[in-house]
Amino acid sequence: MTASRRPPLLVATDLDGTLLRSDGTVSPRTRAALGALERSGIPVIFVTARPPRWLDDLADVVGEHGLAICANGAIVYDVARRQVVSTQLLSAESALAVVEALRAGLPGTVFASEHADGFVKEPDFHEDGGPRGGVATGRIETLFSPLPGKLLARNEKLVPDEFIARATRIVGGLAEVHVSGATGLVEISAQGVTKAAALADWCSARDVDAADVWAFGDMPNDLPMLAWAGTSFAVANAHRDVLALATERCASNDDDGVARILETVPASNVREESADQPAVG
């Protein structure tokens, strides 16, 4: 650990592109690092754009608390018990206003909705990786029950970066726009709902100050969280804006960057070290 780096009382990390390797797996080294930190009494909280339905496979690495902040802060999910703990959802009125504004400004935009219990979409909306769970199709205006944790928007008539930039300008003031790295995908949450806001609530309930949090990320949707945390790390493969903002850098997700940093946390309180934990390097 560097002399100036304050030891954490809590670690917050994004998943895809940050903690997870590019194939979506948790490496043995990362598992060992997470386990050692957990045993030392320092919790690790996953703070992700993933919806609840994409988290069940990580139940064995989520930590004793069992919880994850997901959907860019809109949903707190008990991964171990597969139960939604709390939500901050778009109202039907706000969701409709966003849909109408994007349809008017960017014709051809199609939508989907991630809600606390699943996923619904319009027929022409393409979901990355194929559907994971039940899907109802129809005009998005008819699919606001349950209310969205986040709306998803795509427009295949526009170049992905152009669509994201223009959609961000249109939606600004109506809701929060998040960019998590999926090509041409805009993710939209209720006003004020961000990874940072949800993490701040989590920490406040546990008397943890921002100064005592280490946060890791790779994409623009991580920027509020990285700016809030006392110490922030951008993985080497991060978006240029993340690299510019973070206070520190670490190796890429495929080179176990998060694990390498976590291995530098003093282990004096660790109750049981893993015998086969790889060396730092």
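## A buried asparagine in a loop

Asn-253 is found in the loop that runs between strand 14 (248-250) and helix 8 (257-262). The model is a predicted one. The relative accessibility of Asn-253 is 4%, so this residue counts as buried.

Apart from neighbours within four places in sequence, Asn-253 is in contact with Gly-17, Thr-18, Leu-20, Arg-21, Ser-22, Val-235 and Asn-237.

Six strands form an open sheet in the order 8-7-6-9-11-10, and their pairing is mixed. The edges are taken by strand 8 (135-137) and strand 10 (176-178); each has a single partner strand, so one side of each has no neighbour in the sheet. From one strand to the next, the twist averages 25°.

In general, the strands of a sheet pair through backbone hydrogen bonds, and the pairing is either parallel or antiparallel. Strand 6 (residues 110-115) and strand 9 (residues 150-154) run antiparallel and are joined by five bridges. Ala-112 has Leu-152, in strand 9, as its bridge partner.

## Helices on the sheet

Helix 4 (residues 160-171) packs on the sheet and touches strand 9, strand 10 and strand 11. The direction of helix 4 makes about 20° with that of strand 11.

Helix 3 (residues 92-105) lies across strand 6, strand 9 and strand 11 (186-189). Relative to strand 9, helix 3 runs at about 10°.

## Aromatic pairs

How many aromatic pairs does a search of the whole structure find? The search finds two. In one of them, the rings of Phe-216 and Phe-233 have centres 4.6 Å apart and planes at 10°; planes under 30 degrees apart count as stacked, so this pair is stacked.

Phe-216 belongs to strand 12 (residues 213-217) and Phe-233 to strand 13 (residues 231-235), so the pair ties together parts that are 17 residues apart in sequence. Phe-216 is buried, its relative accessible area being 0%. Phe-233 also counts as buried, at 0% relative accessibility. Ring pairs link Phe-216 and Phe-233 with Trp-214 into a cluster.

## Arginines over tryptophan rings

Trp-214, a member of that cluster, has the charged end of Arg-5 over its ring, 5.6 Å from the ring centre.

Another arginine, Arg-206, lies over the face of Trp-202, at 3.8 Å from the centre of the ring.

Note on methods:
Residues are numbered from 1 along each chain as its sequence is written. This is a predicted model: local features need pLDDT of at least 70, side-chain atom pairs count only at pLDDT 80 or more; totals for chains, interfaces and linings use all residues. Side-chain values use heavy atoms; hydrogens and water are left out. Rings of Phe, Tyr and Trp (its six-membered ring) pair if their centres lie within 6.5 Å; planes under 30 degrees apart count as stacked, over 60 as edge-to-face and the rest as tilted. Helices (H or I, at least four residues) and strands (E, at least two) are DSSP runs, numbered from the N terminus. Buried means under 20% relative accessible area, exposed over 50%, partly exposed in between (1.4 Å probe, protein chains only). A charge sits over a ring if NZ of Lys or CZ of Arg is within 6 Å of the ring centre and within 35 degrees of the ring normal. Two strands pair if DSSP finds at least two bridges between them. Axes are lines fitted to C-alpha atoms, for helices over the stretch in contact, and angles run from 0 to 180 degrees between N-to-C directions. Contact means heavy atoms within 4.5 Å.
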